[in-house]
Amino acid sequence: MKEHPFAEFIKILGKGKKGSRPLTQDEAYRAMTMIMQDQVEPIQLGAFLMLMRVKEETPEELAGFVQAAREAFPRCEHNIQADLDWSSYAGKRRHLPWFLLSTLLLAENGIRVFMHGAEGHTEGRIYTRNVLRILGIEEAKSVAEAAVQLSEQSFSYLSLQYFCPKLYDMINLRPVMGLRSPVHTLVRLLNPFNAEYTIQGIFHPSYRQVHQKAALLLNYPHMAVLKGEGGETERNPDVDCLVQSVHHQELSEEVWPAMFARRHIKPDVLEPEQLALLWQGKYQDEFAEATVIATAAVALKLLGKAESQEQAEQLAKQYWQNRNQSRL
């Protein structure tokens, strides 16, 4: 029997400790292209994803995967103007997703934020899509809807389900496999609308540099990645936060210091309704408010709206104090 073409990539990854090696960027691109075109058997896909999971992705592999995935997106006839690409795939379980208020704060001040994510793949987490519904913010259900929302309200959330269903199906293999796969990493870098600025949160610190170097290989003009609370793009004000960036092919990093001397105790119960109450000024929580401001500040500095951390935090505070409390 003739060997299946995709077996080439499984052999590269699975030849044991001495025989296996990472894929080159071109090999990763070709492998993901075959996956996106349904040219692999289900058993091959499972083997490939788990072999990648065991060894973990290199920047070259990640860049190749992203290139292939981006080519598989449906052709867009809309001229979509997004300033900042914001990925949201992790879900929250220890704290509420306060970063959503950071994105709305940016949008209210003329920064067009496009958010993409997926939901339901990990049990016991609160996902962005569901919280937006609670806040009364309608998600987009197509690329065309996202374009309109960005134009009219400077914010749009579009599930991976609607712009790349193949990756959406793959990310939802998480409960079947019992483990995350490279898909959870590559989706954060998709930047489907080619925003000039992209920001990502990761959970495992070692992935910060992988994202940074992959963005370099993908020629993204401006990108920042941080160890976000729960793996989302959210700066935790209780701890120092290392942000690693790319600006015009130059790598950089900076530490944003903790804003409090002592850590706050996590809540016993998460009540998403508190996001709207905090925005409306009807609920007081210093950790939540600091998280909103701190996260917005990192984005503002990435966007070049401030030259220093102090200026960025001051501008974020100004945005927060002047917010339209009746919006939510």
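Tutor: The model is predicted, so local features need pLDDT of at least 70 and side-chain atom pairs count only at pLDDT 80 or more, whereas totals for chains, interfaces and linings use all residues. Residues are numbered from 1 along each chain as its sequence is written, and side-chain values use heavy atoms, with hydrogens and water left out.

Student: Why is cysteine 164 called buried?

Tutor: Buried means under 20% relative accessible area, exposed over 50%, and partly exposed in between (1.4 Å probe, protein chains only). Cysteine 164 has 3%, and is therefore buried. Cysteine 241, with 5%, is buried as well.

Student: How many disulfides does the rule give?

Tutor: A disulfide is a pair of cysteine sulfur atoms within 2.5 Å. By this rule the count is 0.

Student: What makes β4 and β5 a pair?

Tutor: Strands (E, at least two residues) and helices (H or I, at least four) are DSSP runs, numbered from the N terminus. Two strands pair if DSSP finds at least two bridges between them. β4 and β5 have 6 bridges, in the parallel sense, and isoleucine 202 stands opposite lysine 227 in β5.

Student: Which sense is found between β5 and β6, parallel or antiparallel?

Tutor: Antiparallel, over 5 bridges; leucine 226 has valine 243 in β6 as its bridge partner. β6 (residues 241-247) in turn runs antiparallel to β7, joined by 7 bridges.
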